[in-house]
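Have a look at the sequence and the coordinates before reading on.

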Amino acid sequence: MKKMKKIIPSAALIFLALFCMEACKKSDKPQSTLQKVQNKWQLVSDISNAHISGQDNITTITGTSADYVDFRADGKVYSDIQGSTDTAAYALSGNTKIIINGSSSFDITTLTSNSLILHDKESLGGTDFAEETMSLKK
């Protein structure tokens, strides 16, 4: 009877150790950039700057709990910002860019499990440019 009491706790410990090791293996698998991006993100802010003739013309949208950008697995991004809804196609270009509607290209400057920051800067000729930084969170 004493041997049986020692075997059962030992077997339970071995089972527990194996179970924990398997659980660790699954959670250690890194997500791809696409998997990280594909989420519903809440808008923190969207800052646009039209730099024309040496003058910055900055517009800032501060997100509310209702404002979101939702990158879905079907290759579409749905958004609702200040009550204005939109749907567009998106694709990743490598691990550093998101292309929206085949033309707008945003650099992924930050991508963590709870933060996504996108940045775009386009020349308008000469020293003029248009720039946008969108900060999102989960």
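## Salt bridges

Searching the whole structure turns up two salt bridges, a salt bridge being a side-chain nitrogen of Lys or Arg within 4 Å of a carboxyl oxygen of Asp or Glu. Keep in mind that this is a predicted model, where local features need pLDDT of at least 70 and side-chain atom pairs count only at pLDDT 80 or more, while totals for chains, interfaces and linings use all residues. Residues are numbered from 1 along each chain as its sequence is written, and side-chain values use heavy atoms, with hydrogens and water left out.

One of the pairs is Asp107 with Lys97, whose closest N and O atoms sit 2.4 Å apart. Asp107 belongs to strand β7 (residues 104-111) and Lys97 to strand β6 (residues 97-100), so this contact ties together parts that are 10 residues apart in sequence. Helices (H or I, at least four residues) and strands (E, at least two) are DSSP runs here, numbered from the N terminus. Asp107 is partly exposed at 31% relative accessibility, and Lys97 is partly exposed at 29%. For those labels, buried means under 20% relative accessible area, exposed over 50%, and partly exposed in between (1.4 Å probe, protein chains only).

Asp70 and Arg72 also meet through their side chains in a salt bridge, at 2.9 Å from N to O. Asp70 counts as buried, with 11% relative accessibility, whereas Arg72 is partly exposed with a relative accessible area of 35%.

## Positive phi away from glycine

Which loop holds Ser53? Ser53 is in the loop between β1 (40-52) and β2 (55-62). Its phi is positive, about 50°, although Ser53 is not a glycine. At 63% relative accessibility, Ser53 counts as exposed.

Look for Gln82 in the loop between β4 (76-81) and β5 (84-93). Gln82 counts as exposed too, at 58% relative accessibility.

## How confident is the model?

Now for the pLDDT, the predictor's confidence in each residue, from 0 to 100. The chain averages 87, and 80% of the residues score at least 70.

Where in the chain is confidence lowest, and where is it highest? The lowest mean, 50, belongs to helix α1 (residues 2-28), and the highest, 98, to strand β3 (residues 68-71).
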